[in-house]
Amino acid sequence: MEMLGRRPDNLHHLPRLGFADACRLFGMTPRALRFYEEKGLIEARRDRLNHRYYDGATRQKLSWISRLRSVSLPLRDIRQVLEAEQRAGTGTQVALRKLLSRREELARELAAVDALIPSLQEEAA
C-alpha cells in the first residue's frame, strides 16, 4: 500500500491491526512505533495476551506520522497536526501550512548551498 501521496480513507474501518502489521503497513520499524508511543503521539491497546494492537483512530494517526515523517517534518509539527485533527478536524490545513513553511526553509537552504559551491570549486581548482 502506497502511503506517501495519499492517505488511505479506509484505515479507520479495518479490524484491529497488530504491531507487526502496523510496522509493515506504515513502513515503520518496531522501534519507531514504540518511540511514537513513548512520545505520546499514539496509544497502543493491548489484547488479553498483552500484545499491542491499534484501533482505527490510532491507525489514522500513524498514517499522518508516516506521511509527514517521509518529508522530514519535525515531531513537534506532527504533534500539532495530530492535535488539530483531533480537536477540530483541521489536520490537513495545519499540515499544509507546515509543509509550505518547510518548503520555504528548504529553498533558503538550497540557495545558500548553491551560493557556496562556486567559491569552494574555485578553491579546489
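Guide: Contact here means heavy atoms within 4.5 Å. This is a predicted model, in which local features need pLDDT of at least 70, side-chain atom pairs count only at pLDDT 80 or more, and totals for chains, interfaces and linings use all residues. Residues are numbered from 1 along each chain as its sequence is written, and side-chain values use heavy atoms, leaving out hydrogens and water.

Visitor: Which residues of α4 does α3 meet?
Guide: Both are helices (DSSP runs of H or I, at least four residues; strands are E, at least two) numbered from the N terminus. From α3, the residues K61, W64, I65, L68 and R69 take part, and their partners in α4 are L75, I78, V81, L82, E85 and Q86.

Visitor: How far apart are the end C-alpha atoms of α3?
Guide: The expected span is 1.5 Å times one less than the number of residues. For the 14 residues of α3 this gives 20 Å, which agrees with the end C-alpha distance of 20 Å.

Visitor: How many residues of α3 are buried?
Guide: Buried means under 20% relative accessible area, exposed over 50%, and partly exposed in between (1.4 Å probe, protein chains only). The buried residues of α3, W64 and I65 among them, pack against β1, α1, α2, β3, α4 and α5. The helix α3 is mostly covered, and of its 14 residues the buried ones number 11.

Visitor: Is Y36, a member of an aromatic pair, buried or exposed?
Guide: A search of the whole structure finds one aromatic pair (ring centres within 6.5 Å; planes under 30 degrees apart stacked, over 60 edge-to-face, the rest tilted). F35 and Y36 form this edge-to-face pair, 5.8 Å centre to centre with 65° between the planes. F35 is partly exposed at 32% relative accessible area, whereas Y36, at 8%, counts as buried.

Note on methods. Phe/Tyr/Trp six-rings, centres within 6.5 Å; stacked < 30°, edge-to-face > 60°.
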